[in-house]
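Subject: The structure, and what turned up in it

Hi,

Here is the structure I said I would pass on.

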Amino acid sequence: MADVRRLLQDIIPERYQLAIDIAGDGQSFQLLERIDFELARESAELTFHAVDLELTRVVLDGDR
């Protein structure tokens, strides 16, 4: 079994929003995900699980 790296405990999720669009052939999909979270302390790096996924756009908005 593969070693699973746990996400940082300093990331405190507040809300998840998902929108999934499955292609007509059932072989692919697009996913829009929004995660609102708070960091318990500053970090130079954020790690998220994304095995075999191609990320085309990532936006980090620290306005809140």
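What share of the 64 residues of the chain counts as buried? The figure comes to 5%, where buried means under 20% relative accessible area, exposed means over 50%, and partly exposed is in between (1.4 Å probe, protein chains only).

Before you go further, two notes on the ground rules. This is a predicted model, so local features need pLDDT of at least 70 and side-chain atom pairs count only at pLDDT 80 or more, while totals for chains, interfaces and linings use all residues. Residues are numbered from 1 along each chain as its sequence is written, and side-chain values use heavy atoms, with hydrogens and water left out.

**Overall layout**

The chain has zero helices and two strands. Those labels are DSSP runs numbered from the N terminus: helices are H or I with at least four residues, strands are E with at least two. Strand 2 covers residues 29-39. As for contacts (heavy atoms within 4.5 Å), take those between residues at least 6 apart in sequence: 45% of them join residues at least 24 apart.

**Salt bridges**

How many salt bridges are there? The count is three, using a side-chain nitrogen of Lys or Arg within 4 Å of a carboxyl oxygen of Asp or Glu as the rule.

One of its salt bridges goes to Arg15, with the closest N and O atoms 2.8 Å apart. Because Asp36 is in strand 2 and Arg15 in strand 1, the pair ties together parts that are 21 residues apart in sequence. Another salt bridge joins Asp36 to Arg34, and there the closest N and O atoms are 2.9 Å apart. The side chains of Asp36 and Arg34 also show up as a polar contact of 2.9 Å. That term stands for a pair of N or O atoms within 3.5 Å; within protein, one must be able to donate a hydrogen and the other to accept it, and residues adjacent in sequence count only if both atoms are side-chain atoms.

Put together, Arg15, Arg34 and Asp36 are linked in a network of salt bridges. Both arginines are partly exposed: Arg15 has a relative accessible area of 43%, and Arg34 has 44%.

Then there is Arg41, which forms a salt bridge with Asp10, the closest N and O atoms being 2.4 Å apart. Arg41 lies in the segment after strand 2 and Asp10 in the segment before strand 1 (11-22), so this pair ties together parts that are 31 residues apart in sequence. Arg41 is exposed, at a relative accessible area of 55%. Their side chains are joined by a polar contact of 2.4 Å as well.

**Around Asp10**

Which residues does Asp10 touch, not counting those up to four places away in sequence? They are Glu38, Leu39, Ala40 and Arg41. Ala40 is in the segment after strand 2 and counts as exposed at 52% relative accessibility. Ala40 and Asp10 are 30 residues apart in sequence but 4.9 Å apart in space, C-alpha to C-alpha. Leaving aside neighbours within four places in sequence, Ala40 is in contact with Asp10 and Ile12.

**The largest pocket**

Rolling a probe the size of a water molecule over the atoms shows where empty space is left. The largest pocket has a volume of about 1,600 Å³. A pocket here is found on a 1 Å grid over the protein atoms alone, as an open set of points where a 1.4 Å probe fits, with protein on both sides within 12 Å along at least five of seven lines; lining residues have an atom within 4 Å of a point. Grid points are joined across faces, edges and corners, and the volume is the space filled by probe spheres set on the points.

What lines the largest pocket? There are 30 lining residues, and Glu33, Arg34, Ile35, Val58 and Val59 lie nearest its centre. Strand 1 and strand 2 each supply at least two residues of the lining, and the largest share, 11 residues, comes from strand 2. By type, the lining divides into 15 nonpolar, five polar and 10 charged residues.

Val58 is found in the segment after strand 2 and is exposed, with a relative accessible area of 66%. Val58 and Glu33 are 25 residues apart in sequence and 9.9 Å apart in space, C-alpha to C-alpha.

Cheers

Technical notes:
Nonpolar A, V, L, I, M, F, W, Y, C, P; charged D, E, K, R; others polar.
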